[in-house]
Amino acid sequence: MNESAPLNRYQLAELGSLLAEPARAAMLLALTDGTSRPAGELARAAGITPATASAHLHRLLDGGLLALQVQGRHRYYRLADERVAAMLESLALARAPALHPLPAKGDAQLRRARCCYRHLAGALGVAFCATLLQRDWLQTETRGLYLRPAGIEALSSSGLPLADAPQLYGRSCLDWTERRMHLGGPLGVALTSAMFEAGWLRRLPPGRTLQPTAEGLRRLGGLGVLLG
């Protein structure tokens, strides 16, 4: 995935062929929560043998969709970067709504709050981004979205540890279940990490589903972030 030049037709066809295999698609989706996982775990997620998984992982590495992290004798695979996660998320919007319905009621928790790579998505992510924009706490620049001083003060006062977040830029990311924007990019990742640190969110393993805590809902509600 080289962002210095647009895709040509052959690269686009190669990308399509990488995603067309269900086992490869399953392994990519397993990594959209931002984790790094060994080949054996990805093989189980795809329902294939380790040998078959190895061949698929090599293709995804060669295609630029995955990155490899080596720690001693252990090898871990992750998505190459956030742009790959955003592409996978947005592909769910490529089909007409009538052909691609929203998640069923059994997926209500996934739709409510989940990880999109490492930032907050779902209804809660959309509501959080909308509040930041409505209250003029988030400013749009050519480089992306950044926190205005009033936003930094409001989030800090609410108990959210910002660390380097004020210096980071984010980007709008189209949410595949809500079909509205949530906050992605380095700023989105930093704010989501801060919510974990503050105890506003917790993970529901396995998978991407997140659960806002009672304290998190109270603090977010104080900022004006309300879930319908």
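Predicted model: local features only at pLDDT ≥ 70, side-chain atom pairs only at ≥ 80, totals over all residues.
User: Thanks. Which residues of helix 3 are buried?
Analyst: In helix 3, which covers residues 39-46, the buried ones are Leu42, Ala43 and Ala46. Looking down the helix axis, these buried residues fall within an arc of 105 degrees, so they line one face of helix 3.

User: Why would residues a few places apart point the same way?
Analyst: An α-helix has 3.6 residues a turn, so residues three or four places apart point the same way.

User: What covers the buried residues of helix 3?
Analyst: The cover includes helix 2 (22-30), helix 4 (50-62) and strand 2 (74-79).

User: And what comes just after helix 3?
Analyst: There you'll find Gly47, with a positive phi of about 70 degrees.

User: Let's jump to helix 8. Which of its residues are buried?
Analyst: Helix 8 spans residues 149-157, and Gly151, Ala154 and Leu155 are buried in it. Seen down the axis, the buried residues of helix 8 fall within an arc of 95 degrees, so they line one face. Pro149, Glu153 and Ser157, on the other side of helix 8, are exposed.

User: What do the buried ones pack against?
Analyst: The buried residues of helix 8 pack against helix 7, strand 6 (144-147), helix 9 and helix 10 (214-223).

User: Which glycine follows helix 8?
Analyst: That's Gly159, and its phi is positive, near 100 degrees.

User: What about positive phi in residues other than glycine?
Analyst: Asp136 is one of them, with phi near 60 degrees. Asp136 sits in the loop between helix 7 and strand 5 (138-141), and its relative accessibility of 41% makes it partly exposed. Ala163 is not a glycine either, and has a positive phi of about 50 degrees. You can find Ala163 in the loop between helix 8 and strand 7.

User: Is Ala163 buried or exposed?
Analyst: Ala163 counts as exposed, at 72% relative accessibility.

User: New topic: Thr177. Where is it?
Analyst: Thr177 lies in the loop between strand 7 (171-174) and strand 8 (181-184).

User: Buried or exposed, that one?
Analyst: Thr177 has a relative accessible area of 1%. The cut-off for buried is under 20%, so Thr177 is buried.

User: Which residues line the largest cavity?
Analyst: The lining consists of Leu120, Gly125, Phe128, Leu183, Gly188, Leu191, Thr192 and Met195. By class, 5 of these are nonpolar and 3 are polar, with no charged residues.

User: And which helices supply them?
Analyst: Helix 7 (122-134) and helix 9 (185-197) each supply at least two residues of that lining. Helix 9 gives the largest share, 4 residues.

Note on methods
Residues numbered from 1 in each chain as written. Heavy atoms only, no water. Buried < 20%, exposed > 50% of the residue type's maximum accessible area, 1.4 Å probe, protein only. Arc of directions from axis to C-beta. Contact = heavy atoms within 4.5 Å. 1 Å grid on protein atoms, 1.4 Å probe; cavity = no way out; pocket = protein on both sides within 12 Å on 5 of 7 lines; lining within 4 Å. Nonpolar A, V, L, I, M, F, W, Y, C, P; charged D, E, K, R; others polar.
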